[in-house]
Amino acid sequence: YGKFLNNNRVYFMDAAHFVQGAVLGMVWCFVRLFVASPSGRKRFNVLGALNAVTHEVLTVTNETYINSQSVCMLLDKIAAHYAGKPITIFLDNARYQRCRLVQDYADKLGITLCFLPAYSPNLNLIERYWRFVRKNCLYSRCYANFTDFRSSIEQLITSAHFDHRAELETLLTWNFQS
């Protein structure tokens with residue numbers, strides 16, 4: 001990865017699908033415990049690109065599906081954010097990311113796509129970031145409605161690189177385990 005950092009903008013891209021439901025952090029007790037949980041299973045999909053240096057995340061969100069058009073929308077956002085500068089994005093082999101439409105669109109925008117080996121989430125920094133979001137927004141929390149659930153996740157994503165800088169510095173290091 002080091003060779004990509006010289007005068008280059010490096011991103012790690014992946015999607016996370018947050019479901020409004022009970023997510024227990026940890027429960028152990030002798031007494032019977034009831035955990036509040038919302039009814040239904042509404043999903044909040046976030047396609048994100050994590051800047052490997054600043055830890056800022058650019059996103060495209062929806063409540064339906066992440067597809068190749070979503071990826072192209074995110075590529076547009078990234079290209080507009082760093083107009084004229086070289087951009088490299090590391091991403092997994094999800095079908096909607098590896099399709100010809102996305103690859104051609106990235107070429108048109110001058111973005112280099114580097115696909116990680118199959119079944120290697122440990123090489124994708126944004127996987128650690130999604131775990132951080134789940135820990136801070138979902139574990140042992142119950143949201144009364146979907147609007148609160150969604151706004152909690154969005155607020156953390158937009159402010160984490162400022163509000164949780166020290167925690168992200170230790171979490172999103174360039175130490176990769178193979």
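**Figure 1. The charged end of K42 over the ring of F146.** In this predicted model, the charged end of K42 sits 4.5 Å from the ring centre of F146, over the ring. A charge counts as sitting over a ring if NZ of Lys or CZ of Arg is within 6 Å of the ring centre and within 35 degrees of the ring normal. R98 likewise lies over the face of F115, at 4.3 Å from the ring centre. The model is a predicted one, in which local features need pLDDT of at least 70 and side-chain atom pairs count only at pLDDT 80 or more, while totals for chains, interfaces and linings use all residues. Residues are numbered from 1 along each chain as its sequence is written, and side-chain values use heavy atoms, with hydrogens and water left out.

Figure 2. The closest N and O atoms of E63 and K42 are 3.6 Å apart; a salt bridge here is a side-chain nitrogen of Lys or Arg within 4 Å of a carboxyl oxygen of Asp or Glu. E63 lies in the loop between β3 (57-62) and α1, and K42 in the loop between β1 and β2 (43-51), so the pair ties together parts that are 21 residues apart in sequence. Helices (H or I, at least four residues) and strands (E, at least two) are DSSP runs, numbered from the N terminus. Both partners are partly exposed, E63 with a relative accessible area of 36% and K42 at 43%. For relative accessible area, buried means under 20%, exposed over 50%, and partly exposed in between (1.4 Å probe, protein chains only). A further salt bridge joins E154 and R150 (3.1 Å, N to O). These two residues are four apart in helix α5 (residues 146-163), which means a separation of about one helical turn. E154 is partly exposed at 30%, and R150 is partly exposed at 21%. Salt bridges that share partners join K42, E63, R150 and E154 into one network.

**Figure 3. The salt bridge between R100 and D104 in helix α3.** The structure has five salt bridges by the rule used here. In the one between R100 and D104, the closest N and O atoms are 3.5 Å apart. Both residues lie in helix α3 (residues 100-109), four residues apart, or about one turn of the helix. R100 is exposed, at 54% relative accessibility, whereas D104 is partly exposed, at 39%.

**Figure 4. The aromatic pair of Y11 and Y82.** Seven aromatic pairs are found in the structure. Rings of Phe, Tyr and Trp (its six-membered ring) pair if their centres lie within 6.5 Å; planes under 30 degrees apart count as stacked, over 60 as edge-to-face and the rest as tilted. The ring centres of Y11 and Y82 are 6.1 Å apart and the planes stand at 55 degrees, so this pair is tilted. Y11 lies in strand β1 (residues 9-19) and Y82 in the loop between α1 (68-81) and β4 (87-91), so the pair ties together parts that are 71 residues apart in sequence. Y11 and Y82 are both buried.

Figure 5. Y143 and F149 form an edge-to-face pair, with 5.8 Å centre to centre and 70 degrees between the planes. Y143 is buried at 14% relative accessible area, and F149 is buried at 2%. Elsewhere, ring pairs link F18, Y129, W130 and F132 into a cluster.

Figure 6. β1 and β4 pair in the parallel sense over five bridges, and I89 in β4 is the bridge partner of Y11.

Figure 7. H55 is not a glycine, yet has a positive phi of about 65 degrees. H55 is placed in the loop between β2 and β3 and is buried, with a relative accessible area of 4%. Y119, also not a glycine, has a positive phi of about 55 degrees. Y119 is in the loop between β5 and α4 and is exposed, at 84%.

Note on methods:
Pairing = 2+ DSSP bridges.
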